[in-house]
Amino acid sequence: MTRDPKHDILFEPVRIGPKTLRNRFYQVPHCTGFGAEKPGSQALFRGMKAEGGWAAVNTEEALISSDTDYWPVVSTRVWDEDDLRNLSLMADEAHKHGSLAGIELTHGGVHADGRESRRPSMGPSQLASDYHPFVVPKAMELGDIERVREDWVRAATLSRDAGYDIIYVYGGHSYLPLQFLSPFYNKRTDAYGGSLENRARFWLETLEDVRAAVGDDCAVAVRLCIEALGPAGVELEEGIGFVVLADHLVDLWDVNVGSITDWSKDSGASRFFPEGYQLEWTGRVREVTAKPIVGVGRLTSPDRMAEIVRSGAWDLIGAARPSIADPFLPKKIEEGLYGEIRECIGCNVCIMKAEWGNHIGCTQNATAGEEYRRGWHPEKFEPAANADNDVLVVGAGPAGMECAIVLGKRGFRRVHLVDAAPEIGGVMRWVPKLPGLGEWGRFVNWRAVQLENLKNVEVITATELSAQSIREYGAEIVILATGARWATDGLNALTHEPISGADAVLPNILTPEQIMLEGKAVPGKRVVVYDAEGYFTAAGLAERLAGEGYDVELATCLERIAPVTDETLEGPMLRQHLHDVGIRQRAGFLASEIADGLVRGTDEFGEPLELEADAVVLVTQRLSNEALYLELAEEPDALRAEGIEALYRIGDCVAPRIIAEAAFDGHRLAREIDCEDPATPLPYTRERIVLESAAIRS
Ligand code: ADP
Ligand code: SF4
């Protein structure tokens, strides 16, 4: 394959201060859950992107001193030399692959609530944090301002000495420098408050200090939310005004939108934001600077990237999520391997995993976060020791597709991926058809291309296999990936019992699959979608039915509507959107009976409540389709008699989980299929302090 010449522009080098980026692909800072605490994971995760062609890779936010502490959210810390010793591994990895390493030095100011350090948060004024409303900061005295500037210089110098090429004075998502800049946080009446010039003073002075200390050796970058799209920052005109004031001190402008409370508008989910959406605001920065600009917007289309550079809006194509979903995106464009690009689907599960799980993962890329601890490479696959076997994978959902692909890449003689449905995808045959989730279809698209290209993998659809037909299939290794189904009787987490009168054989009781796959008609006008799960399914069905003209009430026994979508930064916008399209939302409703056109139950305070419903959609819990596996496993002799040496199960068939985990499960089994006991995951390398002896003070 050769690259389209119109993409050549993406491979031009770009100078930033004393450093040169080898091309225009730039991994902007983003969270991983690794910080300095998991140095191996940090180094190899970023190093993989450097290998994949990103000209610069950056850490996540790197807190410059112990008076800025966000624990338990894992940030990088630059509190002392040991932190930098750990972080130097990352710089080494970046350099090994010809990339620059950047560190996003920052101070959380008001929002850093000091849970571990027990130090008070600090800000320009004593105003409670809009991010953690129970945190009230100390209003910074002049001595505090001076100390923070010194801390910044110390952190910058240590970072340079540890090998970092790009040093940030990051204010970004309403961190301390932006808190000074923003009248929302800054009500000071001294030289640091009032006019734009005064509010910019802290940031400008810090930039001057950092530049004087490391500017000859490192590029100095600023990350600025140019438009807060909410109260917690500055509006576009002031953002641009700051660029004018600081331009002479900056080698690279890294510009985005949003704030810490409106982060959902920066890391915008595909449900609400199309590719390139930030250009509307960040495209304006060029008007006032000739310095290199990097912007983001979930860009995966090389045509769009080249257009943006050619337009002059940005010099560099920034990416967090597209670089997680495909660390080799630049290389694939460079080599013209367009069909190989694993495009981010904009689901924000990476954020869910990094922020809430303290270890990043990705729906599209099962190897993300596993580079160090499991030694996985997204593009390299070892030939399997038992590759001279035939493998049958039953079920072509996320788990089965991913497993078959990795088995194919590991060189198995023959892999058959068989599904009862007319096409591959499993649950992803219908999930992308829910309103707003169309981009999730990329999950199947990429896998369909891979399966097509693997000559040793055959996909067979519209074929339902029984236990007997599996035994007689002729494969030595059998893997069941038969997925899960929604409960048809209202079984749920809160009662661990079905709901009286709930039975999806009735015409007025429906499950998600009945609606989305079987075309079961929804009777009447008033529909209650009852959610006991809390992620996207109930909200999606409610919106779909509202779009079809039904009068929809979305009721949940949980404390709020779709709480899991808060972890993916979708929650507040989703609830607003559901409201805007006319869906009534009721949290804290525990259903106990469905009868007489009513759903009976209790409200959040235990008082009886009845909801009128011609039809009820049950989104309560899923159950594994494990019967086939259990039937096969029950008779090991019958398997052996047919020459089957191993039987495994993966994905939702083991336990119903998010798509990322089902795919991971399939990937994991295929990576470890030639180990002694493939059913049990190999231990992974953990990063923690291990005492050599019982060194506890008495
Ligand atoms: P996962 O998320 O674990 O991959 P899914 O529910 O998305 O699971 O996919 C499971 C797939 O398995 C579905 O496409 C379903 O049609 C298929 N399947 C289930 N049972 C059988 C069977 N007996 N024979 C063939 N395919 C099956
Ligand atoms: Fe993109 Fe989803 Fe992967 Fe995040 S988890 S990088 S949003 S595909």
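Helix α3 passes helix α5 in a right-handed crossing, the term for a near helix turned clockwise from the far one by less than a right angle, anticlockwise being left-handed. Their axes come within 9 Å and cross at roughly 35°; such axes are lines fitted to C-alpha atoms, for helices over the stretch in contact, with angles from 0 to 180 degrees between N-to-C directions. Helix α3 covers residues 142–161 and α5 covers residues 196–214; helices (H or I, at least four residues) and strands (E, at least two) are DSSP runs numbered from the N terminus.

This is a predicted model, in which local features need pLDDT of at least 70 and side-chain atom pairs count only at pLDDT 80 or more, while totals for chains, interfaces and linings use all residues. Residues are numbered from 1 along each chain as its sequence is written, chains are lettered from A and ligands numbered from 1 in the order in which they are written, and side-chain values use heavy atoms, leaving out hydrogens and water.

Where the two helices meet, α3 brings I145, V148, R149, W152, V153, A156, T157 and R160, and α5 brings F202, E205, T206, D209, V210, A213 and V214. Contact here means heavy atoms within 4.5 Å. By class, nine of these residues are nonpolar, two polar and four charged; Ala, Val, Leu, Ile, Met, Phe, Trp, Tyr, Cys and Pro count as nonpolar, Asp, Glu, Lys and Arg as charged, and the others, Gly among them, as polar.

Which residues have the most contacts inside the largest nonpolar core? They are L10, L105, L224, F242 and W253, in a core of 76 residues. The largest share of this core, eight residues, comes from α5. A nonpolar core is a set of buried Ala, Val, Leu, Ile, Met, Phe, Trp, Tyr and Cys residues joined through side-chain atoms within 4.5 Å; buried means under 20% relative accessible area, exposed over 50%, and partly exposed in between (1.4 Å probe, protein chains only). Beyond its neighbours within four places in sequence, F242 is in contact with L181, L196, A200, W203, L204, V222, L224 and W253. Another core, of 72 residues, lies apart from the largest one and includes I405, L545, A646 and I650.

Now look at strand β6, residues 100–106, where seven of seven residues are buried. One side carries L100, G102, E104 and T106, the other A101, I103 and L105, and both faces are covered. In a regular strand the side chains alternate between the two faces of the sheet. The table lists some strand pairs; two strands pair if DSSP finds at least two bridges between them.

| Pair | Sense | Bridges | Opposite residues |
|---|---|---|---|
| β4 (residues 56–63) and β6 | parallel | six bridges | V57 and A101 |

The last pair belongs to an open antiparallel sheet of three strands, in the order β23-β24-β25. Its edge strands are β23 (590–595) and β25 (608–612), and the twist averages 25° from one strand to the next.

E227 lies in strand β10 (residues 219–227) and counts as buried because its relative accessible area is 13%. D652, in the loop between β28 (646–649) and α20 (659–671), is buried at 10% relative accessibility. Leaving out residues up to four places away in sequence, D652 touches G483, A484, R622, S624, R657 and A662.
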